[in-house]
Structures are given as structure tokens and as C-alpha cells.
Protein chains: 2
Amino acid sequence: MARPREFDEDAVLDAAVECFWKRGYEATSVRELVARTGITAASLYNAFGDKRSLYGRVLDHYVEASVANRIQRCEALPPRRAIEVFFEEIVKRSLGDRDRKGCLLVNAALDVAPHDPEFRKVVAAVLVQIEVFFLACTRDGQADGTIACSLSAETLAQHLLGVLMGIRVLARVRPERALLEGILAPTLALLRGAPGSSGT
Amino acid sequence: MARPREFDEDAVLDAAVECFWKRGYEATSVRELVARTGITAASLYNAFGDKRSLYGRVLDHYVEASVANRIQRCEALPPRRAIEVFFEEIVKRSLGDRDRKGCLLVNAALDVAPHDPEFRKVVAAVLVQIEVFFLACTRDGQADGTIACSLSAETLAQHLLGVLMGIRVLARVRPERALLEGILAPTLALLRGAPGSSGT
DNA sequence: TGCGTTCTAGTATGTATGTTCTAAAATGCG
DNA sequence: CGCATTTTAGAACATACATACTAGAACGCA
């Protein structure tokens with residue numbers, strides 16, 4: 001019973017993701033968002049509220065499209081393979097990232113999470129979600145013998161989360177294959193289990 | 001032969017470090033810098049140039065006071081102990097970081113390095129410096145038998161750098177002791193060497 | 001066909017931004 | 001004691017910012 005939207009909400013969010021992803025929250029202006037999304041400021045404010053709440057929508061949109069998606073795809077694999085494929089994708093994506101945007105979630109962790117309790121909760125929850133995914137992998141892997149039992153599944157999952165963050169940060173400054181794979185190698189070796197070390 | 005400065009350059013830099021450290025580059029305004037440093041805008045521009053070049057000085061100042069300092073202190077220790085103490089300090093500092101500022105260098109890696117080639121070089125160089133410190137530790141540790149030889153000293157050093165980044169990022173969103181120590185535990189176990197795994 | 005509603009377009013609004021200017025104050029050297 | 005030089009103080013600058021407003025256009029339903 002009213003005039004219909006002339007824009008596709010998802011397409012606008014995609015464009016907004018691109019802006020915030022590339023520049024970060026503060027450095028992205030509403031004018032740039034308007035230019036990049038192709039809709040007017042009025043439409044943008046009408047549909048998404050102010051800049052901050054648009055960023056919230058953008059973050060959700062990104063997480064759904066990138067993080068949740070990857071987890072879902074990896075969950076289908078056998079546990080240790082899931083972890084390996086997960087990190088292979090991360091390394092590949094990081095090395096192919098010509099404009100060094102990194103991961104919007106990791107960027108948000110330093111950009112917006114420390115100053116904004118609401119966003120901090122969102123980011124923390126997604127990080128927990130990733131940790132839980134890793135935990136499922138390490139637990140299942142230890143159960144079926146493909147992952148070493150020398151450390152608890154919980155500890156391994158936390159370690160994997162930390163290494164993931166490390167790779168994504170370093171890749172934005174030193175996107176060198178040798179470095180990223182070097183970070184990862186000891187972790188993978190540890191999962192595999194050192195020969196003859198079935199824990200005390 | 002001219003009017004002397006009324007401010008202490010180092011004190012001003014300390015105050016400026018605090019500003020950029022807390023808010024990041026874009027979110028820190030020159031007015032805030034003026035307020036926090038106590039000198040006028042004219043003095044600030046006269047002494048340090050524009051905002052960007054002040055940030056450069058701030059970064060150097062921080063690196064010298066924090067990073068280089070810590071490396072120097074740890075270099076005096078036996079190699080494996082040096083790594084342990086290094087990370088103990090990082091974890092302790094991260095957990096005591098009430099306003100979640102994290103590490104200015106790591107912040108700069110995501111905040112400023114991806115968009116500014118000059119700053120990228122600076123940040124990358126410091127990261128290399130840290131990696132070199134780790135490398136010296138792993139090499140010496142492998143030589144004196146306190147660090148496992150199942151992986152190369154180079155790979156271990158890269159891994160340590162990655163884990164360091166991971167801890168500093170996660171601490172800003174989830175500053176939980178269990179998490180940070182969980183990230184670290186597998187790495188330390190790996191250095192120590194699994195019992196009976198002296199490589200193939 | 002007209003009414004109510006929600007959209008778009010573009011401009012206006014006030015504030016905050018980074019930076020520079022004007023003028024006065026403070027030193028060392030002649 | 002001035003002259004040259006540099007620092008200060010604070011207002012002034014233009015621009016960029018996030019956001020709100022004013023019109024009018026496009027639809028569904030009566």
C-alpha cells in the first residue's frame with residue numbers, strides 16, 4: 001500500500017560491506033556509502049538508520065556470507081581435514097587479497113569492538129562460534145584418532161582461534177606465503193601428533 | 001638565538017601515544033591531541049608537522065619504549081626462558097589492559113598499515129625485528145637442547161610471531177586468562193618438545 | 001480516480017575536522 | 001639595547017562530516 005523500494009537491500013549491504021571492509025568504520029564516510037551503494041542518503045537513513053546501525057547490519061551480513069558459510073562447508077568434512085581446509089582457505093584468501101582488506105570480523109575486533117560494548121558482544125559471539133567449530137573438530141578428531149590427544153580439545157580449539165587471528169593480522173602487513181604457512185606448520189604438526197608422543 | 005620551547009617533546013609524544021593508542025588514527029582528532037598534550041595546535045604543527053607525520057613519530061616512540069625495550073630485556077635470558085617470559089608479559093599486560101588498547105603496533109597493522117605504504121614498511125620492519133628476536137631464541141634453544149628440533153627454528157619463529165598477534169587481537173575482545181593461556185599452551189608444549197619426539 | 005503511505009531526490013543544517021594565519025612574547029647575538 | 005628568529009596563543013579557514021528536512025513521485029487500496 002505504498003511506494004516500493006527501488007533498490008535491492010542485499011546489494012546495498014554488499015556495497016556497504018565493501019566500504020567498511022576497505023576503510024574501517026571511522027574512515028568510511030556516509031557520502032562514500034551513498035556513492036558506492038548508489039542510493040541517496042535519505043533512502044539509506046530510512047532503510048538502515050544511522051551509520052553505526054548500518055555497520056551493525058554490514059557486520060551481520062558479512063559474518064553470514066563469509067564466516068558462517070565457511071564453517072558450514074568445513075563441517076561436512078572429517079574433523080582434521082576440516083581444520084586443514086579451513087586454514088588452507090584462509091591462507092589462500094589472504095594471499096589473494098590484493099587490497100589487503102583482511103577479514104572484516106578481525107578488523108572489527110580492533111576497530112570497533114574495543115570502544116563499543118554492543119559490537120564487542122557481536123564480535124565476541126562470532127569468535128566463540130568459530131572456537132566452538134574448532135572444538136567440535138578437535139573433539140571428533142581426538143575421538144577417531146586423527147588428532148593427537150597430548151592436549152585437550154578445548155586448548156587446541158583456543159590455540160587454533162589464536163593462530164587464525166594471527167594469520168589474518170600478519171597477512172595485512174606481510175602477505176608472504178612462507179610466513180603464513182610458517183605460522184601454521186607447527187600447529188598442524190601438533191594436531192597430527194609428534195611421532196611417539198601419545199601424552200603422559 | 002630564538003625563543004625556546006616551553007614543552008618537553010617526549011612528554012608531548014607520550015600524550016599523543018595515549019590518544020592514538022586508545023582511539024586509533026582516524027578517530028583521534030587534532031583537537032583532542034591539542035587538549036591531551038597541553039600544547040597549542042600551532043606548536044604541534046610547528047614541531048611535528050601534520051597529523052600523519054605526528055603519528056609516525058608516535059609509532060616510533062612507542063616501538064622504542066615498548067617493543068624494543070621488551071626484546072632487550074628478554075635477550076638477556078636463556079633462549080627458551082626468553083620466549084616464555086616474553087609471552088608471560090604479553091598475557092599479563094593484555095589482561096591488565098582495562099581500556100582494551102591492546103598493542104599500538106598491532107593496532108597500526110590493521111589501522112594504518114594497509115592504506116599507507118610508508119607506515120606499512122615501518123610496521124613490517126618492526127614485525128620482522130620481533131621475528132628475528134624469536135629466531136635467535138629458537139636457534140639458540142635448539143643448539144643448547146632446550147627447544148625441540150622437530151621443526152626448523154625459522155618456522156618456529158614465524159609461528160611465535162603469529163601466536164603473538166593472535167593473543168593481542170583476541171585480548172581486545174575477549175580478555176579472558178583461560179583463552180589467552182589456551183592459545184599459548186600448545187605452542188609452549190611444542191617448543192618444549194613432545195616426550196620422545198626428537199624428529200624423524 | 002483519489003487518498004494514504006512510503007519511497008526518492010536534493011538540499012540545508014549545524015557541527016567537527018585538519019590546517020593556517022596574525023600577532024604577540026621570548027630568547028641569543030650583534 | 002634592538003635585530004633576527006622561533007615559539008606561542010588563539011582565532012580564522014575552508015572543507016567534510018553525519019544527519020534532517022522539503023518536495024514530489026510512485027504505488028496499493030478504496
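Reader: By what turn can chain B be laid on chain A?

Author: In this predicted model, chain B superposes on chain A with an RMSD of 0.1 Å. The shift along the axis is 0.0 Å. The turn that goes with this shift is 180°.

Reader: Which residue of chain B comes closest to the rotation axis?

Author: The distance is taken at the C-alpha, and for this residue of chain B it is 2.0 Å. The residue of chain B that comes closest to the axis is G166(B).

Reader: How many residues does chain A give to the contact, and how many does chain B give?

Author: Residues count as in contact if their C-beta atoms lie within 7 Å. Chain A gives 45 residues to the contact, and chain B gives 45 residues.

Reader: Which element gives the largest share of the side of chain B that touches chain A?

Author: Elements that give two or more residues to this side are α6 (104-111), α7 (117-143), α8 (153-171) and α9 (177-192) of chain B. The largest share is 13 residues. The element that gives this share is α8(B).

Reader: How many residues on the side of chain B that touches chain A are nonpolar?

Author: This side of chain B has six charged residues and 13 polar ones. The nonpolar residues number 26.

Reader: What share of the interface residues of chain B are also interface residues in chain A?

Author: The copies meet through the same surface, because the interface residues of chain B are also interface residues in chain A. The share is 100%.

Reader: How many of the residues of α6(B) are buried?

Author: The buried residues of α6(B) include L104(B), N107(B) and D111(B). They pack against α6 (104-111) and α8 (153-170) of chain A, and also against α1 (9-23), α4 (51-75), α7 and α8 of chain B. The helix α6(B) is largely enclosed by the rest of the structure, because its buried residues number eight of the eight.

Reader: How many helices and strands does chain A have?

Author: From the N terminus on, the elements of chain A run α-α-α-α-α-α-α-α-α. Chain A therefore has nine helices and zero strands.

Reader: What percentage of the residues of chain A count as buried?

Author: A residue is buried if 20 or more other C-beta atoms lie within 10 Å of its own. Chain A has 200 residues, and the buried ones make up 44%.

Terms used: Residues numbered from 1 in each chain as written. Chains lettered and ligands numbered in written order. Predicted model: local features only at pLDDT ≥ 70, side-chain atom pairs only at ≥ 80, totals over all residues. Contact = placed C-beta atoms within 7 Å. Helix = DSSP H or I, 4+ residues; strand = E, 2+ residues; numbered from the N terminus. Nonpolar A, V, L, I, M, F, W, Y, C, P; charged D, E, K, R; others polar. Buried ≥ 20, exposed ≤ 12 C-beta atoms within 10 Å, placed from the backbone. Least-squares fit on C-alpha atoms with pLDDT ≥ 70 in both.
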